[in-house]
Amino acid sequence: MVLSISVDSRFVHKMWEEHELAKMVEGGIPFPMLSDQSGEIGRAYGVYDEAAGVDIRGRFIIDPEGIVQAMEVLTPPVGRLLGETIRQVQAFQHVAKTGEVMPAGWRPGQPTLTPGPELTGKVWKVWKPGEE
Amino acid sequence: MDNAKAKDKPKDGCVKPAKGIIKPSAVTAAADTGVTDAATSSSSPQEDAMSVKVGYPAPDFEATAYVNGGFDNIKLSDYKGQWVMICFYPGDFTFV
């Protein structure tokens with residue numbers, strides 16, 4: 001489930017969706033566009049810029065129990081890469097299912113690691129990030 | 001938890017203000033079951049200390065939203081049991 005949030009009103013969200021986004025995204029925006037006009041929600045998540053009066057680019061991955069598993073916050077000029085978010089969600093879902101862990105640079109389909117005494121000092125044998 | 005679920009048909013949220021941040025009901029006691037429905041308890045000192053950390057619960061909130069062509073109030077805790085991505089951004093009709 002995706003929820004987007006900005007300080008714009010729901011009425012502006014409607015106009016933006018209808019007049020611009022629906023022309024960029026086939027079928028329109030499939031997720032709820034939330035309004036945080038007081039900045040209260042952004043403040044609680046540490047992404048509200050008091051001086052500018054906006055929520056900056058914060059992205060949070062929340063698991064089915066309501067626990068924050070990942071966050072990423074960027075200043076306004078640079079946009080995000082959805083693929084990286086999806087990769088992280090896939091990795092966290094894999095951990096939740098198997099208990100295995102993912103080394104740096106892991107992508108779905110690549111080998112995972114099972115932590116334990118036997119693996120200590122042996123990661124170099126099973127994980128070679130240079131080879132893909 | 002009055003309006004939990006039943007998100008199929010968006011309704012107009014104009015008349016019902018959203019609650020914003022929803023704090024756990026038992027702030028002092030250890031039991032943290034459910035959330036409070038007190039609509040106007042949104043500016044106690046506890047809230048200012050609220051922050052988000054990985055590995056800890058995400059602050060619950062309710063906000064007005066544009067969804068499926070209509071308006072509705074959306075609560076984070078309605079999506080318990082699902083993976084959720086929350087995406088903040090500076091503004092509609094901006095460029096990035």
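Let's start with a pairing inside chain B: strands β2(B) and β3(B), the latter covering residues 70-75, run antiparallel and are joined by six bridges. Strands here are DSSP runs of E with at least two residues, helices are runs of H or I with at least four, and both are numbered from the N terminus. Two strands count as paired if DSSP finds at least two bridges between them. One bridge puts B:T64 together with B:N73 in β3(B). The two strands make a hairpin with two residues between them, and B:N68 in that turn has a positive phi of about 50 degrees.

Before going on, a word on what you're looking at: this is a predicted model, where local features need pLDDT of at least 70 and side-chain atom pairs count only at pLDDT 80 or more, while totals for chains, interfaces and linings use all residues. Residues are numbered from 1 along each chain as its sequence is written, chains are lettered from A and ligands numbered from 1 in the order in which they are written, and side-chain values use heavy atoms, with hydrogens and water left out.

Strand β1 of chain B (residues 20-22) runs antiparallel to β2(B) and is joined to it by three bridges, with B:I22 partnered by B:D60. From the other chain comes strand β2 of chain A (residues 33-35), also antiparallel to β2(B), through two bridges. There, A:L34 stands opposite B:A65.

So how enclosed is this strand? Eight of the eight residues of β2(B), residues 60-67, are buried, so the rest of the structure largely encloses it. Buried means under 20% relative accessible area, exposed means over 50%, and partly exposed is in between (1.4 Å probe, protein chains only). Both faces are covered: B:D60, B:E62, B:T64 and B:Y66 are buried on one side, and B:F61, B:A63, B:A65 and B:V67 on the other.

Now for the rings. The whole structure holds eight aromatic pairs over all chains. One of them is A:F11 with B:F71, edge-to-face, at 5.0 Å centre to centre with 75 degrees between the planes. Rings of Phe, Tyr and Trp (its six-membered ring) pair if their centres lie within 6.5 Å; planes under 30 degrees apart are stacked, over 60 edge-to-face, and the rest tilted. A:F11 belongs to helix α1 of chain A (residues 10-24) and B:F71 to strand β3 of chain B, so this pair joins two chains. A:F11 is partly exposed at 41% relative accessibility, whereas B:F71 is buried at 12%.

Another pair, A:Y45 with B:F88, is tilted: 5.7 Å centre to centre, 45 degrees between the planes. This pair also crosses between chains, from the loop between α2 (40-44) and β3 (48-49) of chain A to strand β4 (residues 84-88) of chain B. Both A:Y45 and B:F88 are buried. Ring pairs link A:Y45, A:F60, B:F61 and B:F88 into a cluster.

Finally, step back to the whole interface. The contact (heavy atoms within 4.5 Å) takes 44 residues from chain B and 56 residues from chain A. About 4800 Å² is buried between the chains, with carbon and sulfur atoms giving 66%.

Methods: Buried area = accessible area lost by both parts, 1.4 Å probe.
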